[in-house]
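Subject: Structure for you to look at

Hello,

I am handing over the structure below for your files. My notes on what turned up in it follow.

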Amino acid sequence: MAAAQGQFSDHSNGTGETDGGEGDCVPSAFRSAVDALRTARPRPGVEIDPTPAPKRLAPYAYALEAAAVDGDDDLADGRLILLHDPSGHDAWQGTFRLVTLVRAELEPEMAADPLLPEVCWSWLTGALAARGLSYEEASGTVTRAGSHYFGGLAERRPATQIEIRASWTPREDRGGPDAAAHLGAWCDLLCQVAGLPPGAGGPQNAGTTGSTGNAGDTMGAGVVSLPQRRGPQVS
């Protein structure tokens, strides 16, 4: 699997370049976090691609999109955005913020579970806890949407999609957050929503070894499970 790539925007030029020219004004803490994301290798079953970063949420932003796959099927997809405001943000209680959207189609027996929203939220917090990651000001929504088909589409079975929107402030150590470890937890969440089994670690930094490669080799205690299911991505 190739190293993760992505695009970032900033208030200097917004070109997506991380070195040279006006990009030299990018704060070193943000540059280091972006480099960690760019060189991270996702766990098996996750494919990561670049996506344009938003330009209005923070002075600096970097974005990745990913899909949890099984063969040719996309089981779940999502986007992870790293935001940075060097001046700090009162609502964040820090200078970095991670924002995510994850969605997948559910099998009927999962969609009917009344505890589904709470379970899905526990997948996020459990994925972070399993890697020993500290964070603050976590917030988000879990949305369950059902579709029933009629007329010319009546032969289609009812479908339910789960969508997790969340954000949290990662703890900053040694000048910045452990961005690669947070990416690893997010990939675990994506696979959990997709119904894939826990992976054996990752993402790992492509050029170094250390805590990022070893922490949270599996989904740890505290993560609530529902029956595994596999279904195609809702378009």
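D188 has a relative accessibility of 4%, and because buried means under 20% relative accessible area, D188 counts as buried. Please keep in mind that this is a predicted model.

D188 takes part in two of the contacts I want to describe, one with R43 and one with R131. With R43, D188 forms a salt bridge in which the closest N and O atoms are 3.4 Å apart. This pair joins distant parts of the chain: D188 belongs to helix α4, while R43 sits in the loop between β2 (40-41) and β3 (46-50), 145 residues apart. R43 has a relative accessible area of 4% and is therefore buried.

The salt bridge between D188 and R131 has its closest N and O atoms 3.0 Å apart. Here too distant parts of the chain are linked, with D188 in helix α4 and R131 in the loop between α3 and β7 (135-147), 57 residues apart. At 6% relative accessibility, R131 also counts as buried.

R165 is partly exposed, with a relative accessible area of 43%, whereas E163 is buried at 18%. As background, side chains of opposite charge can pair when their charged atoms come close.

Next, the helix packing. Helix α3 (residues 116-130) packs with helix α4 (residues 179-194) at an angle of about 150 degrees, and their axes are 8 Å apart. Angles over 145 degrees count as roughly antiparallel, so α3 and α4 are roughly antiparallel to each other. The crossing of α3 past α4 is right-handed.

On the α3 side, the contact is made by C120, W123, L124, A127 and L128. On the α4 side, H182, A185, D188, L189, Q192 and V193 make the contact. Sorted by class, the contact of α3 with α4 has eight nonpolar residues, two polar residues and one charged residue.

Regards

Definitions and conventions. Residues numbered from 1 in each chain as written. Predicted model: local features only at pLDDT ≥ 70, side-chain atom pairs only at ≥ 80, totals over all residues. Heavy atoms only, no water. Axes fitted to C-alpha atoms, helices over the stretch in contact; angles between N-to-C directions. Helix = DSSP H or I, 4+ residues; strand = E, 2+ residues; numbered from the N terminus. Parallel < 35°, antiparallel > 145°, perpendicular 65-115°, else oblique. Left-handed = near helix turned anticlockwise from the far one by under 90°. Contact = heavy atoms within 4.5 Å. Nonpolar A, V, L, I, M, F, W, Y, C, P; charged D, E, K, R; others polar. Salt bridge = Lys/Arg side-chain N within 4 Å of Asp/Glu carboxyl O. Buried < 20%, exposed > 50% of the residue type's maximum accessible area, 1.4 Å probe, protein only.
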